[in-house]
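Trainee: I would like a close look at a single part of this model, with the rest of the chain as background. Please take it step by step.

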Amino acid sequence: MNGYFSSYLTVAALLAIGLAVVSGALLVNRLLRPHRPTPEKLLTYECGVDPVGEGWAQSQVRYYVFTYLYVVFAVDAVFLFPWATIFAAPGFGVATLVEMFVFLAFIALGILYAWRKRVLTWT
């Protein structure tokens with residue numbers, strides 16, 4: 001039982017050392033950096049354009065929906081590429097093909113649901 005808990009002690013020690021190194025680096029950075037705030041430095045800056053008007057703007061929900069749909073397709077691609085590499089390996093043919101069609105059916109069902117709810121229309 002002693003060896004079991006010594007493994008946890010090793011992990012805790014490494015975690016403490018890591019936190020000490022990160023905290024020390026941040027503290028040294030804070031002590032050595034120049035700190036001269038000016039009104040120009042404190043002004044909000046984004047993409048090279050100076051701010052004009054209020055800082056609050058309402059955006060439509062459909063942009064977020066398109067973002068979520070993109071994430072779904074990106075995850076789909078992440079799963080398709082490894083599948084394509086192992087599909088040709090011996091012993092994985094039919095089973096991986098069936099599993100991938102089940103996966104693609106779930107993706108297609110999600111797209112069909114989004115289409116039926118008129119999420120994919122851009123107006």
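Trainee: Are α3 and α4 roughly parallel or roughly antiparallel to each other?

Mentor: This is a predicted model, so what follows describes the prediction. Two packed helices are described by the angle between their axes and the distance between the axes. Helix α3 covers residues 61-86 and helix α4 covers residues 93-116. Their axes come within 12 Å and cross at roughly 170°. Angles over 145 degrees count as roughly antiparallel, and α3 and α4 are therefore roughly antiparallel to each other.

The contact between the two helices can be listed by residue. On the α3 side are Leu-69, Val-72, Phe-73, Asp-76, Phe-79, Leu-80 and Trp-83. They meet Thr-96, Leu-97, Met-100, Phe-103, Leu-104, Ile-107, Ile-111 and Ala-114 of α4. Sorted by class, this contact of α3 with α4 has 13 nonpolar residues, one polar and one charged.

Gly-110 sits in helix α4 and is partly exposed, at a relative accessible area of 36%. Between Gly-110 and Val-71 there are 12 Å in space, C-alpha to C-alpha, although the two are 39 residues apart in sequence. Tyr-63 belongs to helix α3. Tyr-63 is also partly exposed, with a relative accessible area of 42%. From Tyr-63 to Gly-93 the C-alpha to C-alpha distance is 39 Å, with 30 residues of separation in sequence.

Now the background. The protein chain has four helices and zero strands, and its pattern along the sequence reads α-α-α-α. The radius of gyration of the protein chain is 26 Å, well over the 14 Å that the globule rule gives for 123 residues, so the chain is more spread out than a compact globule. Along the principal axes, the C-alpha atoms of the chain fill a box of roughly 65 × 65 × 25 Å.

Burial and surface can be read for the whole chain too. Of its 123 residues, 5% count as buried. The accessible surface of the protein chain is about 11,300 Å², and carbon and sulfur atoms hold 71% of that surface. Among contacts in the protein chain with a separation of 6 or more, 57% are between residues 24 or more positions apart.

To return to the request: α3 and α4 are roughly antiparallel, with axes that come within 12 Å.

Note on methods. Residues numbered from 1 in each chain as written. Predicted model: local features only at pLDDT ≥ 70, side-chain atom pairs only at ≥ 80, totals over all residues. Heavy atoms only, no water. Axes fitted to C-alpha atoms, helices over the stretch in contact; angles between N-to-C directions. Parallel < 35°, antiparallel > 145°, perpendicular 65-115°, else oblique. Contact = heavy atoms within 4.5 Å. Nonpolar A, V, L, I, M, F, W, Y, C, P; charged D, E, K, R; others polar. Rg over C-alpha atoms; globule rule 2.2 N^0.38 Å. Buried < 20%, exposed > 50% of the residue type's maximum accessible area, 1.4 Å probe, protein only. Areas by Shrake-Rupley, 256 points an atom, 1.4 Å probe, with all protein chains shown as cover.
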